[in-house]
There are 2 protein chains.
Amino acid sequence: MNTPSPHILVVDDHRDIRETLARYLVKNGLRASTADSAAQARKALKAAAVDLVVLDIMMPGEDGLSLCRHLVETSSQPVILLTAMADDTDRVIGLEIGADDYVTKPFNPRELLARIRAVLRRTTQGARDRDPVEHEELHFEGWRVDITKRELFAPNGRSVPLSSGEFQLLRAFLKRPNMVLNRDQLMDLTSGRTPGVFDRSIDNQVSRLRRKIETDPRDPRLIKTVWGGGYMFTAPVRDKPS
Amino acid sequence: MNTPSPHILVVDDHRDIRETLARYLVKNGLRASTADSAAQARKALKAAAVDLVVLDIMMPGEDGLSLCRHLVETSSQPVILLTAMADDTDRVIGLEIGADDYVTKPFNPRELLARIRAVLRRTTQGARDRDPVEHEELHFEGWRVDITKRELFAPNGRSVPLSSGEFQLLRAFLKRPNMVLNRDQLMDLTSGRTPGVFDRSIDNQVSRLRRKIETDPRDPRLIKTVWGGGYMFTAPVRDKPS
DNA sequence: GGCCATCTGATACATCTTGTTACAACTTGG
DNA sequence: CCAAGTTGTAACAAGATGTATCAGATGGCC
């Protein structure tokens, strides 16, 4: 399990489209989950770390456009809109709201896949979808992380010892920078177990990690808290210093 | 103006399309130049710093697709392909070659403009200055807001701690300056939940935000109250002056 | 095994955040 | 000026978060 393949969330109220598309994406090396309404989509987004959302804007109940607006405003996932009407007005509105792309039904799944890949290519940073190299090195703000050797080096070059759990947490953050990860997702990405009801272990690990990598743990610049949402790593992460 | 407006190169062998589109782009605050063949396009690319290329792939002489491939491989300009045929195969080929978007003729100029803006938004900050993380920075009245890092800096440079909710509210305002936003809209833009009947939470958040960013909270200069309408942020907001 | 250091989740408690409520001040229309 | 409705904000409570401390668990070492 080197680099997980990008996870796509397909939101559409038509069961056949939803399922067919998801299967097609999986067959092409992506991970996919589905939702049949805006409400369900919100739940799915909380349950797993999603990298891109394919969203039908014409759905009963909550408007797709409203969900799209909310996603663009508050989260960092790119959005590709899907619609039955080939109406120019709606196309433009979608793009102006901030969706990353727009595909009209009936769509060619191969085209949608190409667009998904194009958007991912532009939006993912770091080594997210790069080939697993044997010496995976990540850099941020002068820090250097050797993923395979599980070592962390401070900007001054000194090695900082991290425990296993702290390292897994850091790696989870580095692979998804600028993305809010809630406690369930972090638990899944680090230990893989299911969190208890009053589970504070992630909070503890974050606290311990902060103590080691933040200049001032009381005013964290790297690992931000998003109240009611989780945590977010914010720093330019790059693959190798050029 | 601090940041020069993006320069678009329109490559098409139809004079009317070329000129009309260029005029439309200029009218909408972009700079534009034109070329009627792949050869001329290459000259234009050498003559001026072009930010994005709109390229008709069906042209006499050198193939548009070949130029597109060349651009994608050797330069960093994003490319939007333009074509007369609504053939799926060509669409997909274009995207797979690495074009950033694809529009079929006849096209709605407003849509093309929206797509140009979308592509520029994605590519400008990222690839250009080698910083893979999109550093979305907004400025108003000496204040500086780092959207991705969720940080606010006062005119004196000192960091002002904002809670998660306060930050989301400020961001919603900054993205829509001089626009009256009612409580439902603000609720949707910040928390995404549906407001109760006697919901005063927005009022409270506004009050808390004002306390932090207004010089005199009792005489607010930045966040105005519109009686019976909502609130409005009024201050010249500009993008990162780089 | 016995000893020790380290790691990690659980617990507890201080602190922070936010929606709710209440009430005073203000606005509007008559 | 009055009544009804709207807004500002203090006070409060529920819930979320930060982290010190502790107890098992684990693993190295003799």
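The model is predicted, so local features need pLDDT of at least 70 and side-chain atom pairs count only at pLDDT 80 or more, while totals for chains, interfaces and linings use all residues. Residues are numbered from 1 along each chain as its sequence is written, chains are lettered from A and ligands numbered from 1 in the order in which they are written, and side-chain values use heavy atoms, with hydrogens and water left out.

**Around DNA strand C**

- DNA strand C is surrounded by 22 residues, and the closest are A:Ser163, A:Arg208, B:Ser163, B:Gly165 and B:Arg208 (a residue is near a strand if one of its heavy atoms lies within 4 Å of it).
- Of the atoms of DNA strand C that come within 4 Å of the protein, 55% belong to sugar and phosphate.
- A:Ser163 has a polar side-chain atom 2.4 Å from a phosphate oxygen of DNA strand C.
- The side chain of A:Trp227 places an N or O atom 3.3 Å from a sugar or linking oxygen of DNA strand C.
- The surface near DNA strand C has two nonpolar, twelve polar and eight charged residues (Ala, Val, Leu, Ile, Met, Phe, Trp, Tyr, Cys and Pro count as nonpolar, Asp, Glu, Lys and Arg as charged, and the others, Gly among them, as polar).

**Around DNA strand D**

- DNA strand D has 27 residues around it, and those that come nearest are A:Arg200, A:Thr225, A:Tyr231, B:Thr225 and B:Tyr231.
- Sugar and phosphate make up 54% of the atoms of DNA strand D that come within 4 Å of the protein.
- A base nitrogen of DNA strand D lies 2.7 Å from a polar side-chain atom of B:Arg200.
- B:Tyr231 has a side-chain N or O atom 2.7 Å from a phosphate oxygen of DNA strand D.
- By class, six nonpolar, nine polar and twelve charged residues form the surface near DNA strand D.

**A sheet in chain A**

- Chain A has an open sheet of three strands in the order β10-β12-β11, with antiparallel pairing (strands are DSSP runs of E, at least two residues, numbered from the N terminus; two strands pair if DSSP finds at least two bridges between them).
- β10 (180-181) and β11 of chain A are at the edges with a single partner strand each, so one side of each is left without a neighbour in the sheet.
- Two bridges join β10(A) to β12 (residues 230-233) of chain A.
- Opposite A:Leu181 stands A:Tyr231 in β12(A).

How values were computed. Polar contact = N/O pair within 3.5 Å; in protein donor to acceptor, adjacent residues only side chain to side chain. Helix = DSSP H or I, 4+ residues; strand = E, 2+ residues; numbered from the N terminus.
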